[in-house]
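Colleague: Can you walk me through this one? I have it open on screen.

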Amino acid sequence: MTFLVVLIVNDPDDCSAILDEWEAIGVLGVTILQSTGLGHIRRAGLRDDISLMPSLADIFESEEVQHRTLLSVVEGQVMVARMVSIAQRVIGDLDDPHTGFLFCVPVIQAYGLGRNRTDRSRE
């Protein structure tokens, strides 16, 4: 079965190690998004430089703490378990505060996974 693994990393500095180790175990592709959480926005309080109805661009341009959201579609529970293990080894127990959040969902159909490709260095 195919799964979407979504990992929100609290400290962007941890991403490099996670991505290197995921690649080493055979994860062929990861999409990386900048993100921020509601808690960080609330802790920032009401700010003069953000409009009453801010867009995502307004929020990301501010001095808010940025997270990274990693998305990858992989085959099998074994690969998911290995990815979770790596994430927790790098960033700590995900049940601890300010580490991250990870979830997996089954993917019914997926296209363009590049199952015939093993080297993505030229992409």
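**Strand pairing and a helix contact**

Modeller: Start with F3, whose bridge partner in β4 is P106. This is a predicted model, where local features need pLDDT of at least 70, side-chain atom pairs count only at pLDDT 80 or more, and totals for chains, interfaces and linings use all residues. Residues are numbered from 1 along each chain as its sequence is written, and side-chain values use heavy atoms, with hydrogens and water left out.

Colleague: What does F3 stand opposite in β3?

Modeller: V74.

Colleague: In which sense do β1 and β4 pair, and over how many bridges?

Modeller: Strand β4 (residues 100-107) pairs with β1 in the antiparallel sense over eight bridges. Strand β3 (residues 67-75) and β1 also pair in the antiparallel sense, over eight bridges. Pairing needs at least two DSSP bridges between the strands; a strand is a DSSP run of E, at least two residues, and a helix one of H or I, at least four.

Colleague: Why is β1 largely enclosed?

Modeller: Because six of the eight residues of β1 (residues 2-9) are buried, meaning under 20% relative accessible area with a 1.4 Å probe, protein chains only.

Colleague: Now the helices. At what angle do α1 and α4 pack?

Modeller: About 150 degrees for α1 (residues 15-24) and α4 (residues 77-91), with their axes 10 Å apart. That makes α1 roughly antiparallel to α4, a label for angles over 145 degrees.

Colleague: Which residues meet there?

Modeller: From α1, A17, I18, E21 and W22; from α4, M83, I86, A87, R89, V90 and I91. Contact is heavy atoms within 4.5 Å.

Notes
Buried means under 20% relative accessible area, exposed over 50%, partly exposed in between (1.4 Å probe, protein chains only). Axes are lines fitted to C-alpha atoms, for helices over the stretch in contact, and angles run from 0 to 180 degrees between N-to-C directions. Angles under 35 degrees count as roughly parallel, over 145 as roughly antiparallel, 65 to 115 as roughly perpendicular and the rest as oblique.
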